[in-house]
Amino acid sequence: MHGPTSPGWLLVALCAATGAYCLLRMRSTVEEQRRAAGGEALMGFGMAAMAVPAAVLTPPRWAWLVYTAVFGTAALRALWAARTGPHHLHHLVGAFAMAYMAAVMAAAPGHQHGSGSSGVPPLTTALLLYFTGYVLLSGVRLLSVPVLAVGGGGVRTGSVGWGDRPELARACRLSMGIATVAMLLTL
């Protein structure tokens, strides 16, 4: 992605940390959570790879085509899963957004998207509006999560493991939404 180097590395770190936590969530005893965590880990690590600043590494065109194929496949999988419940639609939009950004980068001559264009494409605008709304709504929901009983110097989580903490899963989804907005802005 194009943009300043320091924020680019922060975006890489955020996405990689999110992907790593999603790998931890894959150890959950709840099958649906494991499945969702696997898709989110793929998105986190894929976003980290795509966010490496262009000043450091400019991937060849074929790498963007591979990203497009991987995220396109993830979008098709999310589309298939969406038939069982509407909560999979966000995964569909997220995977589609990543495939779209990779396709734009693959099609950009010399990987310089935006040069000579007359504005932001309507699809980019629609995705920006969706993810901005998602980030704002997710932030409000995360803030409204009740704090677990505090006592004895820390938060008691009982037998809940790191992979089964709903507030951390929400924070990861919020982080990936923020990263998607940042990536769309630098597209």
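Confidence comes before anything else here, as the model is predicted. The protein chain has an average pLDDT of 83. A score of at least 70 is reached by 81% of the residues. One stretch calls for caution: across residues 149–157, the pLDDT is below 50. Leaving aside near neighbours in sequence, this stretch makes 10 contacts in the model.

**Aromatic rings**

The structure holds three aromatic pairs. Two of them involve Tyr-130. In one, the ring of Tyr-130 meets the ring of Phe-131, with centres 5.0 Å apart. Their planes stand at 90°, so this pair is edge-to-face. In another, Tyr-130 pairs with Tyr-134, and here the centres are 6.4 Å apart. The planes lie at 15°, so this pair is stacked.

Why are Tyr-130 and Tyr-134 separated by about one helical turn? Because they are four residues apart in helix H5. Together, ring pairs join Tyr-130, Phe-131 and Tyr-134 into a cluster.

Phe-131 is buried, at 2%. Tyr-134 is buried too, with a relative accessible area of 17%; the cut-off for buried is under 20%.

The charged end of Arg-83 sits over the ring of Trp-80. The distance to the ring centre is 3.8 Å.

**Two buried helix residues**

Thr-124 lies in helix H5, which covers residues 122–143. Is Thr-124 buried or exposed? At 4% relative accessibility, it counts as buried. Setting aside residues up to four places away in sequence, Thr-124 touches Tyr-100, Leu-184 and Leu-187.

Ala-179 belongs to helix H6, residues 166–186. Ala-179 has 0% relative accessibility, so it counts as buried. Which residues does Ala-179 touch, not counting those up to four places away in sequence? They are Leu-11, Leu-14, Cys-15 and Met-47. Ala-48 gives another view of the fold around Ala-179. These two alanines are 131 residues apart in sequence, yet their C-alpha atoms are 9.2 Å apart in space.

**Accessibility at a glance**

The table gathers the values for the residues discussed above.

| Residue | Relative accessibility | Class |
|---|---|---|
| Thr-124 | 4% | buried |
| Phe-131 | 2% | buried |
| Tyr-134 | 17% | buried |
| Ala-179 | 0% | buried |

Definitions and conventions: Residues are numbered from 1 along each chain as its sequence is written. This is a predicted model: local features need pLDDT of at least 70, side-chain atom pairs count only at pLDDT 80 or more; totals for chains, interfaces and linings use all residues. Side-chain values use heavy atoms; hydrogens and water are left out. Buried means under 20% relative accessible area, exposed over 50%, partly exposed in between (1.4 Å probe, protein chains only). Contact means heavy atoms within 4.5 Å. Rings of Phe, Tyr and Trp (its six-membered ring) pair if their centres lie within 6.5 Å; planes under 30 degrees apart count as stacked, over 60 as edge-to-face and the rest as tilted. A charge sits over a ring if NZ of Lys or CZ of Arg is within 6 Å of the ring centre and within 35 degrees of the ring normal. pLDDT is the predictor's confidence in each residue, from 0 to 100.
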